[in-house]
Amino acid sequence: MPFFFPWTESIYKRAFRYILQRYLGHLFQEKVTLDQLTIDLFNGTGKIADIQLDNIALNDLLEKNKIPLSFVDGYIGAICISVPWKKLLDESTVIEITGLQLTIRPRKTPEEAGKRSC
């Protein structure tokens with residue numbers, strides 16, 4: 001049995017989906033499906049499409065960092081990644097986000113909420 005055996009695209013997609021869910025899944029409103037993923041490991045490219053963002057998780061991050069904004073709605077059309085395997089030390093990995101739509105509004109801080117306007 002050879003050491004390297006070709007894996008199916010489905011296995012690559014499942015591994016990529018696991019990594020996405022593990023590190024970024026808390027920011028997504030729904031679990032990523034295999035249909036949303038496109039992966040070409042040998043050319044170093046990957047794409048995830050149609051991502052609805054989780055407003056509650058994003059608002060928690062903003063609040064934790066004391067940023068006076070609130071997310072109302074968020075959507076990403078696609079995230080594309082390109083990893084230059086052959087020139088990994090010489091070239092940069094590129095992450096491109098397209099179709100980003102964010103609806104935000106100012107959030108009152110606790111100090112402002114306690115003050116009354118005349």
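Reader: Where is Ile104 found?
Author: In strand β5, residues 101–106. Strands (E, at least two residues) and helices (H or I, at least four) are DSSP runs, numbered from the N terminus. The model is predicted: local features need pLDDT of at least 70, side-chain atom pairs count only at pLDDT 80 or more, and totals for chains, interfaces and linings use all residues. Residues are numbered from 1 along each chain as its sequence is written, and side-chain values use heavy atoms, with hydrogens and water left out.

Reader: Why does Ile104 count as partly exposed?
Author: Because its relative accessibility is 45%. Buried means under 20% relative accessible area, exposed over 50%, and partly exposed in between (1.4 Å probe, protein chains only).

Reader: What is Ile104 in contact with, leaving aside neighbours within four places in sequence?
Author: Leu69, Ser70, Phe71 and Val72. Contact means heavy atoms within 4.5 Å.

Reader: Switching to α2. Which residues of that helix are buried?
Author: Asn55, Ala57, Leu58, Asn59 and Leu62, in a helix that covers residues 55–64.

Reader: What do the buried residues of α2 pack against?
Author: Strand β3, 69–82.

Reader: And the ends of α2?
Author: At the start, a side-chain oxygen of Asp54 reaches to within 3.2 Å of the backbone nitrogen of Ile56. Just after the helix, Lys66 takes a positive phi of about 55°.

Reader: How do the elements run from the N terminus on?
Author: α-β-β-α-β-β-β-α. That is 3 helices and 5 strands.

Reader: How much of the protein chain is buried?
Author: Buried residues make up 27% of its 118 residues.

Notes
Polar contact = N/O pair within 3.5 Å; in protein donor to acceptor, adjacent residues only side chain to side chain.
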